[in-house]
Amino acid sequence: LGLCSPKRPGCFGYPLSIFFIVINEFCERFSYYGMRAVLVLYFKYFLNWSDNLATAIYHTFVALCYLTPILGALVADSWLGKFKTIISLSIVYTIGQAVLSVGSIHDLLDQDGDGRVDNVAIPIAFSMVGLILIAFGTGGIKPCVAAFGGDQFEDHQEKQRNRFFSIFYLSINAGSLLSTIITPILRGVECGIHVKQKCYPLAFGVPAILMAVALLVFIVGSTMYKKVQPQGNVMVRVAKCITFSIGNRFRHRSKQYPKREHWLDWASEKYDKRLIAQTKMVLRVLFLYIPLPMFWALFDQQGSRWTLQATTMDGDFVIINFLVFSPLSSQQTVNPILIVIMVPVVDAVVYPLIKKCHINFTPLRKMTVGMLLAALAFVVAAVVQVQIDKTIPVFPAAGQSQIKIINMGNTSATVNFAGTNQTAEVGPANSVRVVFCSYSHFTSSVSVYAVIKVIFNLCCLFKMQGFVWINIIWFSFQCNSSEVLLNYVEDIQPNTISMAWQIPQYFIITCAEVVFSVTGLSFSYDQAPANMKSVLQAGWLLTVAVGNIIVLIIAGASKIEEQWVEYVLFAALLVAVTLVFAIMAYFYTYVDPVEVEAQMVEDEKKREKEPPSYENGNAPVLQTQM
């Protein structure tokens, strides 16, 4: 049946080399998304950064990850080629993951064993170095791996190549799905020699190992790869064409020079008409990209603001029958699960139904709907935040104190600690003491009671559930040989807002991703000339980077104290930008680059066949300029 060919390494009609590429992509995406799933919590709880600082650094990192693909494409196309670029930057990537993991080992940074890092500057330095290396690694290989996989197919294997990209996309989502389930669970493991704490070294270490496996798998298949040598970077030629056109137009700005149909036509003195026409097509699409970063500004807050929102909610809920994830795992896993479900549903059910209703649902209209859905998701998030805020106590700010007057009365109750009766000696019944009870952040899916301090007849008892101390009980007690009689008052009620209420906003923004991101990638590919598809892919990734920079600017400049107000602000900004995009899309004319290029080739052949015509029968006089 020819399932595997002995002459050319391959199985089921596919080059055997692509299986190594798909496995490599699965492991790399597991490494990246697994690390990113707990990154903002690492900033907040291990490095003790504020929510705003953790959000700012997180989005700076994501932006850098989507800026470096331009560098990776330049290196691959102009210098090393795709294969060597992937190998080189994967090594950088692996080192970065290892550095991040080592910097989170608490026992190496806590020499006195008091449970606190001796010098917080050390883990911060490790974190920044590791994240920079990771950004250059993951961003640099991002535009290379998929294209390298496409290079493995022959021209007659177009069907197999298209299926490969579907499998490749599936491997990305599979890696993301598993990593966002596993790494939060690994983080929840208690580890440490002196003090048991959340195990960030394990949560970062496993992704580091997976990246090393990805590199090893890719190297193993090296003898089977079809390696295309670099032919010069088309992005460089496009940039030079644009630069020359602008400069030439400026030099001939006088009215004595006739106007040209398009400003890029001023590059015709140096560049051929085909390159100019291709550049025009690319710039028309890049112009449409201008409003798109606002979508990513909202979308990528799933890993920052929405994650921080989840830390203030009750995380004990079942996301799949008979399977209970950890609270953070549940929150982070919703999006990739919905992606896997929604992509085939939208393609096989929703779009065909819309077509039967005779609605011309063009790619740009799909993207417009996706942007509006993302805005709606943030409105839902704002509603959830309002409900959360009603249950969150107001703690004293820096330099402030709170005093509560509690009448303990004479009522008593019996409490058994840890299943055993405990006795204690107490002071005078009428003595008054002040107990300072601090609160901290922990992750635990089980309610736990911990006695913090006892001073004479006053004590402070904390109850932990979910992610924060949520219940403070003040009590006085009397003891005898068999029981503890205590009088208590609940100061903070448990948070009853379930993390399951985040599912609607995740569902809506996943629908937005399906109709916006998937459609946008396809639109970029279809509207680009054959030799400039990498230019538009780099431009598309650049919009993600700019979107994260927008979050940095708004979060840094905004003085908004209420989180729900910030959610509404982002939603309103996206709606305004969507209206601009809809107007731009209305005036856009779709083109078929294949037909345009074929027509240009035909015109060139006709001109070559036509004999030269001279006016007055005289041959042209060639003039040279010294």
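**Note on the predicted model: charges, rings and helices**

1. Glu25, Glu28 and Arg29 are joined by a network of salt bridges. The structure holds nine salt bridges. Side chains of opposite charge can pair when their charged atoms come close.

2. Another of these contacts is the salt bridge between the side chains of Lys198 and Glu190, at 2.9 Å from N to O. Its two partners can be described by their accessibility. Lys198 has a relative accessibility of 17% and so counts as buried. Glu190, with a relative accessible area of 40%, is partly exposed.

3. Arg260 takes part in two contacts of interest. Its salt bridge is with Glu269, where the closest N and O atoms are 2.5 Å apart. The charged end of Arg260 also sits over the ring of Trp266, 4.0 Å from the ring centre. Arg260 is partly exposed, with a relative accessible area of 31%, and Glu269 is partly exposed with a value of 47%.

4. Lys280 and Asp265 form a salt bridge whose closest N and O atoms are 2.8 Å apart. Lys280 belongs to helix α10 (residues 273-288) and Asp265 to the loop between α9 (234-251) and α10, so this pair ties together parts that are 15 residues apart in sequence. Asp265 is buried, with a relative accessible area of 16%, whereas Lys280, at 22% relative accessibility, counts as partly exposed.

5. The next points concern aromatic rings. A pair of aromatic rings is described by the distance of the centres and the angle of the planes. The structure holds 36 aromatic pairs. One of them is Phe83 with Phe218: the ring centres are 5.6 Å apart and the planes are at 25°, so the pair is stacked. Phe83 sits in helix α4 (residues 82-103) and Phe218 in helix α8 (residues 200-220), and the pair links distant parts of the chain, 135 residues apart. Phe83 and Phe218 are both buried.

6. How are the rings of Trp306 and Tyr506 arranged? This aromatic pair is edge-to-face, with 5.1 Å from centre to centre and 70° between the planes. Because Trp306 is in helix α12 (residues 305-310) and Tyr506 in helix α15 (residues 503-526), the pair ties together parts that are 200 residues apart in sequence. Trp306 is buried, with a relative accessible area of 0%. Tyr506, at 2% relative accessibility, counts as buried as well.

7. Ring pairs also build a cluster, which links Tyr42, Phe43, Phe46, Trp49, Tyr200 and Phe204.

8. An α-helix has 3.6 residues a turn, so residues three or four places apart point the same way. Which residues of α17 are buried? They are Gln563, Glu566, Tyr567, Phe570, Ala571, Leu574, Thr578, Phe581, Met584 and Ala585.

9. A nonpolar patch lies on the surface, formed by Ile341, Val345, Val349, Val350 and Leu353, with about 370 Å² of accessible area together. Val349 counts as partly exposed, at 42% relative accessibility.

10. Ile141 is found in helix α6 (residues 121-151) and, at 4% relative accessibility, counts as buried. The C-alpha atom of Ile141 is separated by 7.0 Å from that of Thr85, though the two residues are 56 residues apart along the chain.

11. Backbone angles deserve a look at two loop residues. Asn48 is not a glycine, yet has a positive phi of about 60°. Asn48 is in the loop between α2 (39-46) and α3 (51-80). Is Asn48 buried or exposed? At 61% relative accessibility, Asn48 counts as exposed.

12. His358 also has a positive phi of about 60° without being a glycine. The loop that holds His358 runs between α13 and α14 (363-389). At 76% relative accessibility, His358 counts as exposed.

Terms used:
Residues are numbered from 1 along each chain as its sequence is written. This is a predicted model: local features need pLDDT of at least 70, side-chain atom pairs count only at pLDDT 80 or more; totals for chains, interfaces and linings use all residues. Side-chain values use heavy atoms; hydrogens and water are left out. Rings of Phe, Tyr and Trp (its six-membered ring) pair if their centres lie within 6.5 Å; planes under 30 degrees apart count as stacked, over 60 as edge-to-face and the rest as tilted. Helices (H or I, at least four residues) and strands (E, at least two) are DSSP runs, numbered from the N terminus. Buried means under 20% relative accessible area, exposed over 50%, partly exposed in between (1.4 Å probe, protein chains only). A charge sits over a ring if NZ of Lys or CZ of Arg is within 6 Å of the ring centre and within 35 degrees of the ring normal. Patches are made of residues with over 30% relative accessible area and no salt bridge: like charges are joined within 9 Å, nonpolar side chains (Val, Leu, Ile, Met, Phe, Trp, Tyr) within 5 Å. Accessible areas come from the Shrake-Rupley method with a 1.4 Å probe; for residues, only the protein chains shown count as cover. A salt bridge is a side-chain nitrogen of Lys or Arg within 4 Å of a carboxyl oxygen of Asp or Glu.
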